[in-house]
Amino acid sequence: MKTDAQMDYQAEHNRMIRRARLKKISSAIFTLLGYAVIIIIFITPFLYVIGNSVRNSQQIWANAYPISWRSFIPYEGLTLENYSQSLGIGDVAKGMSFDISRNLGISLLSSVAVVCLSLIFNTSAAYFFGRLRFPGKNYILIFVVATMMIPQQVVLVPLYIVADQIGLINSFWAMVVPWYASPFIVFLLTQFMADLPLEFDEAAIIDGANLWQILWRVVIPNTIPGLITVSLMEFQFIWNEFYWPLIAISDSKLFPVQVAVASQFTESGPNWGIVFAAMALASAPVILLFLFLQRYFYESVAMSGIKG
Amino acid sequence: MTDAMMVPKTGDQKWWQKRKFQQYAVAFLFVLPALINFTVFRYYPMIWSARASFWEYSLLGGFKENIGWENYIRMINDEFFWDSLLVTGKFFLMYVPAVVIFAMALALFSNQKKPGMGTIRAVIFVPVVTSFVVVSILWGMLLNKDVGLVNSILASLGFGRISFLLDKENALPTIAMISIWKNVGYSVIILVAGLKGVPEELFDAAVVDGASPWKQFIHITLPMIRRQLMFVTVWATLGAFQVFIPVYSLTGGGPRRATNVIVYYIYSRAFKFGEMGYASALSIALLLILLIVSVVQMRLLRRDY
């Protein structure tokens with residue numbers, strides 16, 4: 001026989017278990033709802049681009065309204081024609097102005113060039129600030145850090161005037177030369193290098209290594225993750241840069257892909273299929289890099305956050 | 001004897017000094033290319049445009065005539081300039097609080113220890129690495145009044161179609177919405193990093209004390225990630241004052257100057273009207289405004305610590 005108190009206890013216990021279960025279920029539902037909302041808001045637009053890039057413009061218009069699953073998921077008349085026209089493959093594409101293969105090449109070339117130059121010059125500058133002795137070094141560092149106070153978009157009109165003076169305007173080099181060094185990246189790499197123990201260098205000096213050899217054999221091998229991170233930052237910056245090439249380049253043959261896509265959008269008229277393909281091509285490289293190297297992208301955000 | 005001892009010593013000293021000098025010279029070569037870049041492409045443009053702002057300056061003719069403060073007087077009387085500052089201010093008010101609040105909500109949500117959260121964070125971050133031009137065009141298409149997906153959904157649900165970008169009232173909030181969608185992931189990652197740094201024991205202690213989740217958030221989470229919150233705010237503010245790409249690719253400053261933000265106004269003065277001198281003066285003014293804003297915000301940040 002159970003006493004009343006025991007019965008009460010039992011009932012209370014059951015109630016608590018039920019409440020806990022309910023809470024668990026509602027929290028799971030809440031989480032699932034959150035997933036759904038985030039995925040709809042952040043992924044649908046990309047699916048829309050990819051889906052529409054593989055069908056022709058009539059199909060896009062026909063499925064735009066009324067809304068159905070067909071608006072999102074292409075189901076018939078699938079074609080890669082938009083991509084082949086964007087990349088200038090085939091005879092039809094040759095006669096049209098939608099070919100952005102050249103622009104993709106220019107973007108790739110300038111991004112890779114800036115990444116390489118930045119690796120050379122930012123790394124050596126960071127080596128100077130992080131490892132070498134020099135009278136008044138801190139004042140020079142202030143000179144560098146102070147440039148980070150000058151916001152990018154503000155300096156572009158003045159930069160245009162200077163680039164015009166040295167004859168950079170409307171040449172491929174306009175997209176490379178001003179960016180071969182970056183105060184921000186020098187600053188980040190300096191912190192990275194300052195964290196390495198100085199004994200490494202001392203051991204190398206005893207072995208008779210010079211500064212250059214220390215940089216190559218001691219400092220760089222220990223800074224690889226940092227170098228990958230800043231290279232990705234630099235690649236993303238140049239590949240996605242728009243305002244500077246927009247003003248610095250007026251010859252459409254030299255447009256990087258972002259500028260080419262923007263001008264295609266205004267000139268394409270109803271030819272949206274091709275614009276969708278061009279958009280996919282213009283954003284795919286950095287997105288793919290991100291998907292495979294997420295860690296380094298987050299690292300770059302975290303590092304810029306430390307600065308604040 | 002003493003003299004003879006001294007001579008090699010001073011010679012030694014000299015040689016030592018010379019070697020030190022050489023060492024310094026070699027060291028300096030490592031930083032020189034970067035310093036040249038910052039001088040030529042960051043400092044010199046500012047000095048040059050500060051000078052150009054006092055001249056009637058054109059790209060072909062160079063410095064034509066010294067006109068003193070005329071560009072600045074013109075700026076003070078330029079109704080479009082004040083209008084663009086007002087538009088930028090409105091954009092700031094729409095953009096910054098929304099970025100901070102959404103980033104906070106998304107960071108709290110995606111910091112839970114549940115399966116798939118890493119993917120969710122990646123999903124939120126994808127727009128950050130996508131080019132802003134592509135993002136702008138994409139949203140321009142989605143929000144198109146006649147054929148855009150968003151309006152198709154609205155119309156299918158029986159609502160009226162909304163003119164997002166061609167309406168004077170809607171255009172600026174739409175530009176702000178697109179910018180938030182594009183940039184919020186960056187702030188989310190910063191705030192998640194902050195949240196990961198909050199010691200679990202603090203929450204355990206609070207639960208023992210019977211603190212509600214809301215109280216835990218106000219009294220533990222917020223104070224612990226204050227630094228990251230301030231950073232996100234400063235970052236969003238600097239971004240708000242420099243918005244350009246969505247305006248350029250979607251509205252061209254219109255309709256009726258409703259999205260004519262300051263950077264776009266400078267762009268149109270410089271490259272549509274060729275008034276480089278006046279555009280330089282405007283750039284200098286914007287630089288000063290941004291310096292003041294960031295100094296004020298950094299002061300606020302420092303006062304807390």
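**Exercise 1. How many residues of chain A are in contact with how many residues of chain B?**

The model is predicted: local features need pLDDT of at least 70, side-chain atom pairs count only at pLDDT 80 or more, and totals for chains, interfaces and linings use all residues. Residues are numbered from 1 along each chain as its sequence is written, while chains are lettered from A and ligands numbered from 1 in the order in which they are written.

Step 1. Two residues are in contact if their C-beta atoms, placed from the backbone, lie within 7 Å.

Step 2. By this criterion, 69 residues of chain A touch 71 residues of chain B.

Step 3. The most to this side of chain A comes from helix 1 (residues 4-53), with 10 residues. Helices (H or I, at least four residues) and strands (E, at least two) are DSSP runs, numbered from the N terminus.

Step 4. By class, the side of chain A that touches chain B holds 53 nonpolar, 14 polar and two charged residues. Here Ala, Val, Leu, Ile, Met, Phe, Trp, Tyr, Cys and Pro count as nonpolar, Asp, Glu, Lys and Arg as charged, and the others, Gly among them, as polar.

**Exercise 2. Determine whether chain B is spread out or a compact globule.**

Step 1. Chain B contains 13 helices and two strands.

Step 2. Its radius of gyration, taken over C-alpha atoms, is 27 Å, well over the 19 Å that the globule rule (2.2 Å times the number of residues to the power 0.38) gives for 305 residues, so chain B is more spread out than a compact globule.

Step 3. Along the principal axes, the C-alpha atoms of chain B fill a box of roughly 105 × 70 × 35 Å.

Step 4. An automatic or database domain assignment divides chain B into domain 1 (2-42) and domain 2 (84-303). The C-alpha centres of these two domains lie 50 Å apart.

**Exercise 3. Decide whether helix 14 of chain A is enclosed or open, and state what covers it.**

Step 1. A residue is buried if 20 or more other C-beta atoms lie within 10 Å of its own, exposed if 12 or fewer, and partly exposed in between, with C-beta atoms placed from the backbone.

Step 2. In helix 14 (residues 257-267) of chain A, eight of the 11 residues are buried, so this helix is largely enclosed by the rest of the structure. Among the buried residues are Val257(A), Gln258(A) and Phe265(A).

Step 3. The cover over these buried residues includes helix 6 (101-131) and helix 15 (272-292) of chain A, together with helix 5 (132-142) and helix 11 (245-251) of chain B.
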